[in-house]
Amino acid sequence: MARRLRMLGTTSEEGKCPTLYEDIDTGDIIVQGYTVADPDDVAQLQNVLDGESFVVVPRDLLTRFAPKE
């Protein structure tokens, strides 16, 4: 069953990423952003599990739109 998502906010223009979404049923947060693909950057990440990916999120997006509870 597909998630039911609600857009929380974006700091981009013209519908481009980055954007935050909330899963209406679970409260989980979905982050849309540019993929971290540089091998030197990825090599610094720790405890990476299969299926995980990484995106860049401007701090302003989180401080403006991330739920506080």
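Among contacts in the protein chain between residues at least 6 apart in sequence, what share joins residues at least 24 apart? The share is 29%, where contact means heavy atoms within 4.5 Å. This is a predicted model: local features need pLDDT of at least 70, side-chain atom pairs count only at pLDDT 80 or more, and totals for chains, interfaces and linings use all residues. Residues are numbered from 1 along each chain as its sequence is written, and side-chain values use heavy atoms, with hydrogens and water left out.

**Confidence**
- pLDDT is the predictor's confidence in each residue, from 0 to 100.
- The protein chain has a mean pLDDT of 90, and 97% of its residues reach 70 or more.
- Confidence is highest in helix H1 (residues 39-43), at a mean of 95, and lowest in helix H2 (residues 59-65), at 86.
- Where pLDDT is low, the predicted coordinates should not be read in detail.

**Overall fold**
- The protein chain has two helices and five strands. These are DSSP runs, numbered from the N terminus: helices (H or I) have at least four residues, strands (E) at least two.
- Along the sequence, the pattern is β-β-β-β-α-β-α.
- The C-alpha trace spans about 35 × 30 × 25 Å along its principal axes.
- Of the 69 residues in the protein chain, 17% are buried. Buried means under 20% relative accessible area, exposed over 50%, and partly exposed in between (1.4 Å probe, protein chains only).

**Asp23**
- Asp23 lies in strand S2 (residues 19-23).
- Asp23 counts as buried because its relative accessibility is 4%.
- The side chains of Asp23 and Arg3 are joined by a polar contact of 2.9 Å. Such a contact is a pair of N or O atoms within 3.5 Å; within protein, one must be able to donate a hydrogen and the other to accept it, and residues adjacent in sequence count only if both atoms are side-chain atoms.
- The Asp23 side chain also reaches the backbone nitrogen of Thr26, at 3.1 Å.
- Neighbours within four places in sequence aside, Asp23 is in contact with Arg3, Arg4, Leu5 and Asp28.

**Ile24**
- Ile24 is found in the loop between S2 and S3.
- Ile24 counts as partly exposed because its relative accessibility is 44%.
- Neighbours within four places in sequence aside, Ile24 is in contact with Arg4, Leu5 and Arg6.
- Ile24 and Gln46 are 22 residues apart in sequence and 29 Å apart in space, C-alpha to C-alpha.

**Ile29**
- Ile29 lies in strand S3 (residues 29-32).
- Ile29 is partly exposed, with a relative accessible area of 36%.
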